Amino acid sequence: MTSEVTVGTGAGLDTADMVLNIGPQHPSTHGVLRLRLVLDGERVISAEPIIGYMHRGAEKLFEVRDYRQIIMLANRHDWLSAFCNELGVVLAVERLMGIEVPERAIWLRMALAELNRVLNHLMFLGSYPLEIGAITPVFYAFRERETIQAVLEEASGGRMHYMYNRVGGLKEEVPAGWTGRARTAIDQVRRRMPDLDKLIRKNEIFLARTVGVGVLSAADAAAFGASGPVARASGLDLDLRRDEPYLAYGELSVPVVTRTSGDCHARFEVLLDQVYVSLDLAQQCLDRVDQLTGPVNVRLPKVVKAPEGHTYAWTENPLGINGYYLVSRGEKTPWRLKLRTASYANVQALSTLLPGTLVPDLIAILGSMFFVVGDIDK
């Protein structure tokens, strides 16, 4: 005798929930994530994000690399925010060693960090609409990325992995006339951003796919330790550049973009509006750089050793708060360097966000969490 089981066709019938694995090779994620879903028809009953498929053991590798080599590894966990990743590591080492960085290097670091933030956001502003069916925005986003990319490449020699920060400052002085060319690039991007903005922000189809979808409450965002655009879209008004300034952010007025609805569209809007803010901040930093002369780094001994002790440095990375917990035993390598990454905390919220939603909305929600899988798996 055979028994028939009807799988998830709605109320009133004997139905069995279906377990569906999305990933670990799914085209709509930035890297390799796996979602284990339990479905009733097309409705998600429960969701479990399963991570670790890209794990490269960066934190263990830090322990056998000296402080100059670590920068190269830290550069790569969030490959869209390479400059900002480097920055957190060198800030932690400088704090432990008591190094005072030249003022010109501080303002250059801030200008480059804000330009890197724009690059990161433009990638998501192009790829997120692409994931839910809008092809055109990615061409506009990459046009603007290329403009900023050229400026960063001229200064550092790298397109994605800049390797421009050093313990004690920057690798070298920027080329002659660079600040002027950077300002021109910022003006061009600022002038052309409305092309992307008008195309997508108020687009009827985009609104239908994102408004009211994947709502993350402020309480849940705080409970999961979410930060960055994901948390600010839910109403958490937190930005380390304003609230706990590092470098010279305390001398700038940093506008913090927030929304209260906490849905996919709010997260997208926060990202979009933050691009304008970062362009303005980068321009202010370049204006200060032009007023300063002097070196961009300090002379270091041949072997850099951090004194025994521990410190915690955190920065407002493009995707949220990155923390660097450094423990030294006085050697040329750290005894422990623990990364607290933004994407790791943000993606945990999927287990709360996805239940109750429909499968077609799943990609819209997943894409709006703005994570880089290397940043989760480290």
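## The largest cavity

About 50 Å³ of space lies in the largest cavity of this structure. A cavity here is a set of points, on a 1 Å grid over the protein atoms alone, where a 1.4 Å probe fits but cannot get out. Its volume is the space filled by probe spheres set on the points. The structure holds 3 cavities of 30 Å³ or more.

This is a predicted model, where local features need pLDDT of at least 70 and side-chain atom pairs count only at pLDDT 80 or more, while totals for chains, interfaces and linings use all residues. Residues are numbered from 1 along each chain as its sequence is written, and side-chain values use heavy atoms, leaving out hydrogens and water.

## What lines it

Residues with an atom within 4 Å of a point count as lining. Among them are Trp-79, Asn-116, Arg-145 and Tyr-162. Helix H4 (103–131) and helix H5 (137–156) each give two or more residues to this lining; helices are DSSP runs (H or I) of at least four residues, and strands (E) of at least two. The lining divides into 6 nonpolar, 3 polar and 2 charged residues.

## A sheet and its helix

Now to an open sheet of 3 strands, ordered S6-S7-S8 with antiparallel pairing. Two strands pair if DSSP finds at least two bridges between them. Strand S6 (309–317) and strand S8 (336–340) are the edges, each pairing on one side only. Between S6 and strand S7 (residues 320–328) there are 9 bridges, and Thr-311 stands opposite Leu-326 in S7.

Helix H3 (residues 82–97) packs on the sheet, touching S6, S7 and S8; contact means heavy atoms within 4.5 Å.

Conventions
Axes are lines fitted to C-alpha atoms, for helices over the stretch in contact, and angles run from 0 to 180 degrees between N-to-C directions. On a 1 Å grid over the protein atoms alone, a cavity is a set of points where a 1.4 Å probe fits but cannot get out, and a pocket is an open set with protein on both sides within 12 Å along at least five of seven lines; lining residues have an atom within 4 Å of a point. Ala, Val, Leu, Ile, Met, Phe, Trp, Tyr, Cys and Pro count as nonpolar, Asp, Glu, Lys and Arg as charged, and the others, Gly among them, as polar.
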